[in-house]
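Look at the structure below with both kinds in mind.

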Amino acid sequence: MNYFSTRDKSLKLNFKDIFLRGLAPGGGLFLPDEIKKYKSEDLKSLSKLNYTDLATEIIHNFCKDEIDRSDLNLLIKKSYENFKDSEVVRLKEIGSVNLLELYHGPTLAFKDIAMQIIGNMYDKLKVTQAKTVNIVVATSGDTGSAAIAALSDRKNINLFVLHPHNKISKIQRKIMTTIGGNNIYNIAIKGSFDDCQKIVKELFNEDDFRSKINMSGVNSINWARIICQIVYYFYSYFKLQKNNVNFSVPTGNFGDIYAGYVAKKMGLPINKLIVATNENDILQRVINTGEYKPDVVKPSITPSMDIQVASNFERLLFYIMDENDNSVISLMNDLSSKGSFNLKKDKVAKIKKDFEGVKITDKETHNIIYKVYKDHKFIIDPHTATGFGAANKLKNLNNIIVIGTAHPFKFNDTIKKVIGKNLETPSHLKIFMDKEEKFDIINNSKSEVKDYILNKTQ
Ligand SMILES: *Cc1c(COP(=O)(O)O)cnc(C)c1O
């Protein structure tokens with residue numbers, strides 16, 4: 001199987017190449033040249049598998065030339081050993097919706113599900129044998145901690161995590177800055193998540209720098225993350241045993257929900273994928289109007305979704321623009337020269353066939369957390385609450401699975417404000433509340449970040 005770029009269809013790279021690089025040359029994103037389509041009898045046999053065996057079947061489609069099936073199965077089992085649940089994820093009925101809890105990994109957010117596998121893939125693909133790999137990643141709070149939990153103390157790997165200074169929750173920062181070993185560097189950038197992501201993307205496009213430090217990436221633009229996330233769409237669909245299932249997904253960088261789109265492409269009969277955004281609602285706007293126009297980032301009580309440049313959306317655009325790389329380039333050129341692009345009516349209709357977009361304000365999020373607690377004695381985190389809110393607003397859809405993206409403990413300050421009490425620290429969380437935090441504060445400047453990395457890797 002080969003991979004190409006959304007901006008260059010002639011590119012031919014293998015899984016190992018794209019795993020290491022993350023971002024395609026020229027700024028595009030990688031896509032596979034074939035996506036397996038399951039027939040209904042295939043789906044029937046997949047539905048009988050446990051989580052790790054299902055994950056093996058699905059993920060293997062995308063890396064079959066590099067990792068053999070039984071090795072992959074072992075790797076996946078090992079990756080999920082430290083999850084609270086042997087089935088990795090849990091589906092629960094909360095009133096009229098179904099909640100898919102994805103937050104029982106070591107850092108309490110769904111990012112663990114992909115990141116634990118990715119950590120083991122670095123070893124499996126033998127990419128660190130010859131030379132130390134330096135991984136640089138931007139985070140809105142949860143990718144960073146998940147990456148640190150997966151990569152801490154691994155041989156021949158350094159990890160540099162850029163987070164927006166003072167713009168993530170206290171617990172998110174605590175986890176990130178206390179659990180890492182000596183190969184972990186936390187950098188607080190004086191800017192937004194979009195600024196962090198921009199610096200990382202630019203560094204990837206500097207060939208000299210990239211090769212000098214043997215740079216790799218684990219951001220949500222890395223295809224390996226998407227393929228690990230496809231699994232739970234299948235798993236929860238099978239568990240629910242209903243037809244015409246819809247998924248409501250708290251969305252920032254369009255990674256998680258894009259995995260749902262790939263699941264649909266693979267033959268899972270999903271009805272609608274619901275994009276739930278906070279007030280940083282660029283995705284809601286593009287789905288409903290066709291205009292993709294980044295605004296300034298507004299800090300919210302759902303910091304992991306405080307994103308205006310939803311990178312993975314480009315992967316959807318590629319299919320919406322009839323798999324034409326030049327059309328994608330032209331939209332991206334509009335975006336950088338005019339600050340926005342506009343999709344024609346027929347393209348918007350094409351998106352609307354698979355997606356709905358709903359904005360949930362902070363006030364609504366507050367009310368949802370309170371109402372779910374009052375009605376069901378169940379506490380959801382603010383991000384997950386946006387998924388509930390979006391599901392509630394779409395009255396004509398039934399059989400909705402809300403993707404639970406984080407454990408409420410991670411956003412304890414907000415939860416305390418809404419329900420008036422503190423949450424207990426979950427037993428499986430590796431957190432050291434009293435341990436000294438390790439991070440450096442740097443200006444929003446690519447060259448300062450470069451100097452920092454060079455200094456640590458010399
Ligand atoms: C990362 C994250 C999101 C957004 O996921 P994307 O894949 O970036 O759309 C939502 N909620 C939480 C808690 C997250 O950590």
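**A cavity and a pocket**

The model shown here is predicted. Start with the ligand. Which cavity does the ligand take up? The space taken by the ligand is the largest cavity. Around the ligand stand 15 residues, and the closest are Lys111, Asp142, Gly252, Asn253 and Asp256. Sorted by class, this shell has 5 nonpolar, 7 polar and 3 charged residues.

Some of the contacts can be followed atom by atom. In the side chain of Asp142, an N or O atom is 2.5 Å from an oxygen atom of the ligand. At Gly252 the backbone takes part: a polar backbone atom is 2.8 Å from an oxygen atom of the ligand. Gly255 also has a polar backbone atom, 3.3 Å from an oxygen atom of the ligand. Taken alone, the ligand exposes 380 Å², and the protein buries 98% of that.

Now turn to the open spaces. Rolling a probe the size of a water molecule over the atoms shows where empty space is left. The largest pocket has a volume of about 630 Å³. Its lining consists of 25 residues, of which Arg7, Lys198, Lys201, Val309 and Leu335 are the closest to the centre of the pocket. By class, the lining of the largest pocket divides into 12 nonpolar, 6 polar and 7 charged residues.

Which helix gives the most to the lining of the largest pocket? That is α8, with 6 residues. At least two residues of the lining come from each of α8 (193-204), α13 (313-320) and α14 (325-338).

Note on methods:
Residues are numbered from 1 along each chain as its sequence is written. This is a predicted model: local features need pLDDT of at least 70, side-chain atom pairs count only at pLDDT 80 or more; totals for chains, interfaces and linings use all residues. Side-chain values use heavy atoms; hydrogens and water are left out. A residue is near a molecule or strand if one of its heavy atoms lies within 4 Å of it. A polar contact is a pair of N or O atoms within 3.5 Å; within protein, one must be able to donate a hydrogen and the other to accept it, and residues adjacent in sequence count only if both atoms are side-chain atoms. Accessible areas come from the Shrake-Rupley method with a 1.4 Å probe; for residues, only the protein chains shown count as cover. On a 1 Å grid over the protein atoms alone, a cavity is a set of points where a 1.4 Å probe fits but cannot get out, and a pocket is an open set with protein on both sides within 12 Å along at least five of seven lines; lining residues have an atom within 4 Å of a point. A molecule sits in a cavity or pocket if more than half of its atoms lie within 2 Å of its grid points. Ala, Val, Leu, Ile, Met, Phe, Trp, Tyr, Cys and Pro count as nonpolar, Asp, Glu, Lys and Arg as charged, and the others, Gly among them, as polar. Grid points are joined across faces, edges and corners, and a volume is the space filled by probe spheres set on the points. Helices (H or I, at least four residues) and strands (E, at least two) are DSSP runs, numbered from the N terminus.
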